[in-house]
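I opened this entry to record what I looked up in one model. The notes run from the overall picture to single residues.

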Amino acid sequence: MELREAIGRRRSIRFVRPYKAVEPEKIQMMFEAARIASHWGNVQSLRGIAVFKNTASPEIIEALQAPVAGWQIRKAPVVIVWYCDPTAVDEQSDRLHELVDVGALGFGGKKERVRALDEVLLPIFDGIKDFLKEPGLNEIDCGQGIAQATLMAYELGLGTCCLGGPEGDRILKGIGVPDHCRLLLLQTVGYPAEHWEAGGQRPRQPFEKLFSMNHYDEPFPRSEAVVEELTRDKFFTQPAPLPEREEELEFLQRALDVDPPGLI
Ligand SMILES: Cc1cc2nc3c(=O)[nH]c(=O)nc-3n(C[C@H](O)[C@H](O)[C@H](O)COP(=O)(O)O)c2cc1C
């Protein structure tokens, strides 16, 4: 599948088949995709724990329960706990040296590159190390990894939904993650119970409102030719709601025995 088609057709899939286990190999592929995502200084602060409902202990499964989106967590055969380990920043010197060694960072001969790193770049980074561990840059980079894993899941025929929530510390503690780490989100994973369109492309704000060219006041000009090309390439799909969506939701609620109906 072309990348642009995969990007356009991916949806948050909230209804998955609880009875169909997800192969660990497929979760591995998601983790492989996350692992090769870009990260500032190649620091790699993203961590993930995949909890498999068919093999994890009842205590671990119980630890995942949250007041928000609880039914999704209960139904999904796998829940990935994505978190950030800011102590990865302590190894930034090693990671940057690796980049310089392989010729990914800097220019000129290797000796000059190493000298520039040791004498110029690392003292700057060392001076702001505490700042670099704070929530911000690391979380953005972790998000890139999660996005790559999400696209891999889609390509493998899996449905996923990211779930945010306020109980990060409790959840991490329950599955043994050290205190200094920060929960990013839970991601449910399973084989979709709903049609891949999941009711159609979810609403988005107008393109021009989100993106600019050269100046805040100048909306980025949206070319119709580009929109047409992406439509031909199956990037754009039918907008939500598709006519049968309400019936599909009713069907899914009954099939998955989600009670009472609603959001959480
Ligand atoms: C970081 C993050 C947290 C989210 N948290 C929730 C959540 O708690 N519950 C939920 O049902 N969906 C959650 N979502 C899914 C979004 O609401 C979803 O992106 C939105 O419905 C648009 O749909 P789409 O992903 O299908 O394009 C979350 C998505 C992200 C990226």
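My notes on the fold, the core, the ligand shell and some backbone details follow.

**Ground rules.** The model is predicted, so I kept local features only at pLDDT of at least 70 and side-chain atom pairs only at pLDDT 80 or more, while totals for chains, interfaces and linings use all residues. I number residues from 1 along each chain as its sequence is written.

**Overall.** I looked up the secondary structure and found 12 helices and 4 strands; helices are DSSP runs of H or I with at least four residues, strands are runs of E with at least two, and both are numbered from the N terminus. The C-alpha atoms fill a box of roughly 65 × 55 × 35 Å along the principal axes. Of the 264 residues, 22% are buried. Buried stands for 20 or more other C-beta atoms within 10 Å of a residue's own, exposed for 12 or fewer, and partly exposed for what is in between, with C-beta atoms placed from the backbone. I also checked contacts (C-beta atoms, placed from the backbone, within 7 Å). Among those between residues at least 6 apart in sequence, 83% join residues at least 24 apart.

**Core.** The largest nonpolar core has 34 residues, and those with the most contacts inside it are Val78, Val79, Val81, Trp82, Ala153 and Val189. Such a core is a set of buried Ala, Val, Leu, Ile, Met, Phe, Trp, Tyr and Cys residues joined through C-beta atoms within 7 Å. Elements giving two or more residues to this core are H2, S1 (46-52), S2 (78-84), H8, S3 and S4 (182-190). Strand S2 supplies the largest share, 7 residues. For Val79 I listed the contacts beyond four places in sequence: Val51, Leu64, Ile73, Leu186 and Thr188.

**H2 against H8.** The axes of H2 (residues 24-35) and H8 (residues 137-155) come within 7 Å and cross at roughly 145 degrees. Axes are lines fitted to C-alpha atoms, for helices over the stretch in contact, and angles run from 0 to 180 degrees between N-to-C directions. On the H2 side I noted Met29, Met30, Phe31, Ala33 and Ala34; they meet Gly145, Ile146, Gln148, Ala149, Met152 and Ala153 in H8. This contact divides into 9 nonpolar, 2 polar and no charged residues. In this scheme Ala, Val, Leu, Ile, Met, Phe, Trp, Tyr, Cys and Pro are nonpolar, Asp, Glu, Lys and Arg are charged, and the others, Gly among them, are polar.

**Ligand shell.** Which residues surround the ligand? I found Arg11, Ser12, Arg14, Val68, Ala69, Cys161, Cys162, Leu163, Gly164, Leu185 and Arg202, taking a residue as near if its C-beta atom, placed from the backbone, lies within 6 Å. The shell divides into 6 nonpolar, 2 polar and 3 charged residues. Strand S3 (residues 159-163) gives the largest share, 3 residues.

**Glu155.** This residue lies in H8. Glu155 is partly exposed because 17 other C-beta atoms lie within 10 Å. Leaving aside neighbours within four places, Glu155 is in contact with Met1 and Ala6.

**Backbone details.** A cis peptide bond joins Ala240 and Pro241, with omega about 0 degrees; Pro241 sits in the loop between H11 (224-232) and H12 (245-255). Another cis peptide bond joins Asp259 and Pro260, and Pro260 is in the segment after H12. Lys234 is not a glycine, yet its phi is positive, about 70 degrees. Asp257 has a phi near 55 degrees and is exposed, because 9 other C-beta atoms lie within 10 Å.

Notes
Two residues are in contact if their C-beta atoms, placed from the backbone, lie within 7 Å.
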